[in-house]
Amino acid sequence: MQKTPARKYQVVEEAEIDLVLKCRDSHEFYDQYLKVFPDTKKGLDSISKIWKRRSEFAKKRPQMLLQAEPGTANSREIQVLIAEQTKIMSDMAALTKENLEVSRQILSAIAHQNRILTGHHEEKPKDPAHAAPPPKPPVQKKAPEKQTPIMVGS
């Protein structure tokens, strides 16, 4: 007698797959599932099995979407969002550079004012970062000591 092959997984509808891919966690998925499918006869166990297969659905879904429509609206929306994000980031970078330059000017003015008030009228202060390091003494190599043979006496 041959056994009839049992299904490994239950049949999942496309709407269920869409819903599981939209949700971020299992609680949200369960709540949304009961709202979208109020007449379902699936129990919590069956719904949780759908959630557990989420990664499998996520792997298959992009392939199906690419085969159906290569230039979907989603990809265009993503491109628009990335362009907007890039513009915002470049504006922020420009403002940060401008702010940094103003801060440098303020600090140099304060340093100059401080030198005047304290009575130090040096034109160019010595910068310890750019000063030449003191010369190091030459390294002297030690000559290896010659080993004398050990004499075994009687």
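Which residues in H1 meet Phe29, Gln32, Tyr33 and Val36 in H2? They are Glu16, Leu19 and Val20. Contact here means heavy atoms within 4.5 Å.

The model is predicted: local features need pLDDT of at least 70 and side-chain atom pairs pLDDT 80 or more, while totals for chains, interfaces and linings use all residues. Residues are numbered from 1 along each chain as its sequence is written, and side-chain values use heavy atoms, with hydrogens and water left out.

The protein chain holds 5 helices and 0 strands. Its pattern along the sequence is α-α-α-α-α. Helices (H or I, at least four residues) and strands (E, at least two) are DSSP runs, numbered from the N terminus. Of the 154 residues, 10% count as buried. Buried means under 20% relative accessible area, exposed over 50%, and partly exposed in between (1.4 Å probe, protein chains only). Among contacts between residues at least 6 apart in sequence, 54% join residues at least 24 apart.

Helix H1 spans residues 14-22, and helix H2 spans residues 26-36. Their axes come within 10 Å and cross at roughly 145°. Axes are lines fitted to C-alpha atoms, for helices over the stretch in contact; angles run from 0 to 180 degrees between N-to-C directions. The crossing is right-handed. That term applies if the near helix is turned clockwise from the far one by less than a right angle, and left-handed if anticlockwise.

Aromatic rings were examined next. Rings of Phe, Tyr and Trp (its six-membered ring) pair if their centres lie within 6.5 Å; planes under 30 degrees apart are stacked, over 60 edge-to-face, and the rest tilted. The count comes to 3 aromatic pairs. One of them joins Phe29 and Tyr33, a tilted pair with 5.7 Å centre to centre and 55° between the planes. Both residues lie in helix H2, 4 residues apart, about one turn of the helix. Phe29 is buried. Tyr33 is also buried, with a relative accessible area of 1%.

Tyr33 pairs with Phe37 as well, again tilted, at 4.8 Å centre to centre and 45° between the planes. Phe37 counts as buried because its relative accessible area is 16%. Ring pairs link Phe29, Tyr33, Phe37 and Trp51 into a cluster.
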